[in-house]
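Here is a short tour of one protein model, written for someone who likes to know the cut-offs behind each term. Have the sequence and the structure open as you read.

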Amino acid sequence: MKWKLTVLAALLSIGAFAQQSDDHRVIVITTDGFRWQEVFGGLDAEIVKIKRYHHGDSLRLVETYGGKTAEERRKKLMPFLWSTIQQQGQIHGNRQVGSLVNVANPYWFSYPGYSEILTGQVDVQVNSNEYKPNPNTNFFEYLQSLSAYRGRVAAFGAWDAFDRILNEKRAGFPVVNAFDSYQSYVNTKDSDLLSRMTKESFRAFGEAEVLDVFTHFQAMDYLKNKKPKAMYISYGDTDEFAHEGTYNHYLDAIHRVDAWIAEIWNFVNTDPEYKGKTTLLFTTDHGRGDAIKSEWTSHGEKVKDCHEIWYAMIGANVPTLGEVKTAEQVYQKELIHKVAAAMGKTFSSQKRE
Ligand SMILES: [Zn+2]
């Protein structure tokens with residue numbers, strides 16, 4: 001009899017735990033190639049002075065994002081990060097106070113960075129932005145394999161490579177990328193309009209990447225109407241504008257992403273299905289140059305400091321640490337495991353061609 005009670009107690013406790021963690025929601029957000037230097041220091045006073053980077057827009061930039069201290073400047077640039085997330089979550093990667101966050105892969109560009117974030121490990125064979133569909137399973141694919149999450153997982157990406165990075169065919173959840181027809185994935189009141197606007201929008205970055213505003217509005221529409229339990233959103237304007245050397249657009253893009261995260265978090269906190277049970281991770285795929293100032297536009301193996309990144313978390317089971325000012329070394333490949341732990345899950349990527 002005694003063992004029966006023990007078994008029953010064990011079953012009950014497993015049941016209680018599983019029920020609790022299976023109700024957990026997750027939103028992972030990335031913005032491509034956004035530097036930790038601006039996350040913690042705001043507008044860069046040296047870059048903004050250079051005409052080929054401010055393009056005649058320096059007065060407005062200084063008026064909008066300028067300030068005497070780093071704290072003042074960064075809060076103007078990212079008011080949501082430096083209020084709600086600072087007060088209720090955690091922000092890592094300010095190297096000036098000892099918080100080090102780095103990519104672990106040796107390449108320092110997008111596909112390897114996203115693969116590291118989403119699969120929680122480094123595969124050195126993933127070495128090109130044109131790499132084939134990812135043989136490594138990702139965290140969202142793992143969630144999709146669980147009955148509690150199946151059919152409740154979705155990804156939205158400005159860049160069309162996410163079909164391969166997340167291996168949409170194998171993973172089995174919608175990966176709505178670039179100029180994909182949103183309407184072909186979902187039928188909501190606004191899906192037709194969103195699809196048409198996306199299709200007919202100005203192709204500022206060519207055929208492979210759409211402006212973030214379209215990705216965001218699709219993701220928001222999906223979040224409100226389809227209520228996914230696990231969602232990934234990847235913005236790309238920051239990287240594109242940085243490569244172009246338009247510091248004005250780069251700063252405006254991040255200011256907009258910050259406002260969008262505020263919008264998403266506000267929705268989470270007003271919807272009973274999400275409130276109190278959602279964990280949010282916000283990070284980037286790689287950094288950009290800084291030691292040689294002109295290299296802020298660039299990244300990759302030849303740019304010596306662009307493996308330096310940052311991340312922020314907020315929400316369920318995320319302790320309030322604010323801006324982390326204690327010595328630490330965190331790698332990009334650890335981030336999804338921190339999310340998994342907050343959800344009461346353990347994930348380990350598998351190779352599946
Ligand atoms: Zn880039």
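## Overall build

The protein has 15 helices and 11 strands; helices (H or I, at least four residues) and strands (E, at least two) are DSSP runs, numbered from the N terminus. Its radius of gyration is 20 Å, close to the 20 Å that the globule rule gives for 353 residues, so the protein is as compact as a globular protein of that length. That radius is taken over C-alpha atoms, and the globule rule is 2.2 Å times the number of residues to the power 0.38. Along the principal axes, the C-alpha atoms fill a box of roughly 80 × 50 × 40 Å.

A word on the source: this is a predicted model, in which local features need pLDDT of at least 70 and side-chain atom pairs count only at pLDDT 80 or more, while totals for chains, interfaces and linings use all residues. Residues are numbered from 1 along each chain as its sequence is written.

## Burial and contacts

Of the 353 residues, 48% count as buried. A residue is buried if 20 or more other C-beta atoms lie within 10 Å of its own, exposed if 12 or fewer, and partly exposed in between, with C-beta atoms placed from the backbone. Two residues are in contact if their C-beta atoms, placed in that way, lie within 7 Å. Among contacts between residues at least 6 apart in sequence, 68% join residues at least 24 apart.

## A three-stranded sheet

Now find the open sheet with the order β8-β3-β11, whose pairing is mixed. Strands β8 (308–309) and β11 (328–331) stand at the edges with a single partner strand each, so one side of each is left without a neighbour in the sheet. Two strands pair if DSSP finds at least two bridges between them. Strand β3 (residues 99–102) runs parallel to β11, joined by four bridges; in one of these strands, β11, Glu328 is the bridge partner of Ser99.

## A covered helix

Helix α7 (residues 110–119) has 10 of its 10 residues buried, among them Tyr111, Pro112 and Leu118. Its cover includes β1 (25–31), α8 (139–144), α9 (162–165), β7 (278–283) and α15 (335–342). After α7 comes Gly120, with a positive phi near 65°.

## Two positive phi values

Most residues other than glycine have a negative phi. Asn167, in the loop between α9 and α10 (168–171), has a positive phi near 45° and is buried, with 22 other C-beta atoms within 10 Å.

Lys227 lies in the loop between α12 (212–226) and β6 (230–235). Its phi is also positive, near 50°, but Lys227 is partly exposed, with 13 other C-beta atoms within 10 Å.
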